[in-house]
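Then we'll walk through some of its spots together.

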Amino acid sequence: MRALKRDDRGHVYVGGISNFGYFRPDRLGKLRYTCLSDSLPVNLNMGTIRNICVEGEITYFQADRHVFIWQGGKLYTLDHLQEISASGIVHSKFYIVSSRGLYMLKGNEAVLVDALEGIADCKALLPYKDKVLLVTRGNGIYMYGVGGLKRIVTRADVFLQRNGVSCATMCGTLLAVGTLQGGVCLLDLEQDTMEVISTSGGLQDKTVQGMLYDAEGNLWLGLASGVDYVRLDTPVRNLYGNRSPIGSGYASCVYQGKLYLGTIQGVYRTNMPYEDGSDFLMDFIEGAEGQNWSFLEYDGKLFC
């Protein structure tokens, strides 16, 4: 299985390698599978279903070079010459991205709306105000609106290019971007502020393969190692997640713009603020070995 989507009528649509269909509960509540791809021609090389979108009573199954449209009990096939990198429904319109550019579905035909090679590795199509937001794997973030398709510059550009985008989702102005090597980047498009949550912040691993916001605006992540839940409505963050390489902590303070941590091993120091997403680089204070219990700033000096 590579794609999963539920509609408002209780259908659970699924797609995988050369197969797609839906589950629906019977009168006893047990999910029963109906295969839709069995009705396709035998010689059709459908490939793998990568994404499923639902708009009203229409369901779109996006494969490598095809889009299959399930509507009114009938299945329609849209062939595409180039490999499709992403698809999505934005403002009730179905879009796809391939190597030639951005396409919009009109009837059963994909119409090119803007040709731009930079979006060929697009990983997500998302709504932002009255525009379409395109997040690429390593070529930045783009916006499509009245003036056409344009790249926007953000504080997250270097981080996303370095770590590789795998997926993205949107809640209001807060764009959450999952990466292959750096965890999650939270980017506020209005304020251009950035925060990174990775293994140093409690994630099981740094590879995010899927994500979504829930009704409370918190974030669910599908990782290589399992499922994580990120509470965004709390100001509390972890420095080292569940396993701290600097030992158990007993005291902390901010002194002359640096964060000092007193642990069972001794005293460590790091810069503040810390938001670029890399692991916390701690300097061990020589001469302060052993368990540290407290800090006190007095007369411009720091006592421990």
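## Gly 73 and its loop

Gly 73 is found in the loop between β7 (66-71) and β8 (74-79). Strands here are DSSP runs of E with at least two residues, helices are runs of H or I with at least four, and both are numbered from the N terminus. Gly 73 is exposed, with a relative accessible area of 52%. For that label, exposed means over 50% relative accessible area, buried means under 20%, and partly exposed is in between, using a 1.4 Å probe and protein chains only. Along the chain, Gly 73 and Leu 36 are 37 residues apart, and their C-alpha atoms are separated by 9.8 Å.

Before going on, a word on where this comes from: it is a predicted model, where local features need pLDDT of at least 70, side-chain atom pairs count only at pLDDT 80 or more, and totals for chains, interfaces and linings use all residues. Residues are numbered from 1 along each chain as its sequence is written, and side-chain values use heavy atoms, with hydrogens and water left out.

## The whole chain

Let's zoom out. The protein chain has one helix and 29 strands. Its C-alpha atoms fill a box of roughly 80 × 50 × 30 Å, taken along the principal axes. Of the 304 residues, 46% count as buried.

Asn 292 sits in the loop between β27 (283-289) and β28 (296-298). Asn 292 and Ile 264 are 28 residues apart in sequence, yet their C-alpha atoms are 6.2 Å apart in space.

## The largest pocket

How do you find empty space in a model? Rolling a probe the size of a water molecule over the atoms shows where empty space is left. On a 1 Å grid over the protein atoms alone, a pocket is an open set of points where a 1.4 Å probe fits, with protein on both sides within 12 Å along at least five of seven lines; lining residues have an atom within 4 Å of a point. The largest pocket has a volume of about 1800 Å³, where volume is the space filled by probe spheres set on the points, and points are joined across faces, edges and corners.

Which residues lie nearest the centre of the largest pocket? They are Arg 50, Asn 51, Cys 167, Gly 210 and Met 211, out of 45 lining residues. The elements giving two or more residues to this lining are β1 (3-6), β5 (51-55), β9 (84-90), β13 (122-128), β17 (165-171), β21 (208-213) and β22 (219-223). By type, the lining divides into 26 nonpolar, 10 polar and nine charged residues. Here Ala, Val, Leu, Ile, Met, Phe, Trp, Tyr, Cys and Pro count as nonpolar, Asp, Glu, Lys and Arg as charged, and the others, Gly among them, as polar.

## Salt bridges

A search of the whole structure finds seven salt bridges. To qualify, a side-chain nitrogen of Lys or Arg must be within 4 Å of a carboxyl oxygen of Asp or Glu. Glu 190 and Lys 129 make one of them, at 2.6 Å from N to O. Glu 190 lies in the loop between β19 (184-188) and β20 (193-197) and Lys 129 in the loop between β13 and β14 (131-136), so this pair ties together parts that are 61 residues apart in sequence. Glu 190 is partly exposed at 45%, while Lys 129 counts as exposed at 55%.

Asp 26 and Arg 32 meet at 3.0 Å, N to O; Asp 26 is partly exposed at 25%, and Arg 32 is partly exposed at 46%. Asp 233 pairs with Arg 231, with the closest N and O atoms 2.8 Å apart.

## Two positive phi angles

Ser 92 isn't a glycine, but it has a positive phi of about 65°. You'll find Ser 92 in the loop between β9 and β10 (93-98), where it is exposed at 54% relative accessible area. Asp 192 isn't a glycine either, and its phi is positive too, at about 55°. Asp 192 lies in the loop between β19 and β20 and is partly exposed at 31%.
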